[in-house]
Amino acid sequence: MEKIEWYYKPGHDPHNRAQVVDSKTGQTVAVTYSDPEGKRAALMAAAPELLETLEGVKNALSRMIDKHDPDSMASYRDWE
């Protein structure tokens, strides 16, 4: 899977619209309103990295479950 990287640009007056931008293409992927400091945009820009981290946690837990008690925890393997 290709790594997705986004960054954000803080909002400006008069509407304080912040943008989330794809690092590779330069295209805007999201716009937040009333976000002068870009806090909401920053969270949205972190979404691909957060998802990657959660997928890593899921995989690690799945390996731990398989190693320690695969029968009683089988239902947790299919989290998707």
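Colleague: Let's start with Val21: which residue stands opposite it in β3?

Modeller: That's Thr28 in β3. Keep in mind that this is a predicted model. There's another such couple too, with Gln19 standing opposite Val31 in β3.

Colleague: What makes β2 and β3 a pair of strands?

Modeller: Two strands pair if DSSP finds at least two bridges between them. Strand β2 (residues 18-22) and strand β3 (residues 28-32) have 4 bridges, so they count as paired. The sense of that pairing is antiparallel.

Colleague: And how many residues lie between β2 and β3 in their hairpin?

Modeller: There are 5 residues between them, and Gly26 in the turn has a positive phi of about 80°.

Colleague: What is the order of the strands in the sheet?

Modeller: The sheet is open, with 3 strands running β1-β2-β3 in antiparallel pairing. β1 (6-9) and β3 are its edge strands, as each pairs on one side only. From one strand to the next, the twist averages 20°.

Colleague: Over to helix α2 (residues 47-68), where Leu61 is found. Why is Leu61 called partly exposed?

Modeller: Buried means under 20% relative accessible area and exposed means over 50%, with partly exposed in between. Leu61 has 33% relative accessibility, so it counts as partly exposed.

Colleague: Which residues form the nonpolar patch on the surface?

Modeller: Val57, Leu61 and Met64, with about 250 Å² of accessible area together. Patch residues need over 30% relative accessible area, and Leu61, at 33%, therefore clears that cut-off.

Key. Residues numbered from 1 in each chain as written. Predicted model: local features only at pLDDT ≥ 70, side-chain atom pairs only at ≥ 80, totals over all residues. Heavy atoms only, no water. Patch = residues over 30% accessible without salt bridge, like charges linked within 9 Å, V, L, I, M, F, W, Y side chains within 5 Å. Areas by Shrake-Rupley, 256 points an atom, 1.4 Å probe, with all protein chains shown as cover. Salt bridge = Lys/Arg side-chain N within 4 Å of Asp/Glu carboxyl O. Helix = DSSP H or I, 4+ residues; strand = E, 2+ residues; numbered from the N terminus. Buried < 20%, exposed > 50% of the residue type's maximum accessible area, 1.4 Å probe, protein only. Axes fitted to C-alpha atoms, helices over the stretch in contact; angles between N-to-C directions.
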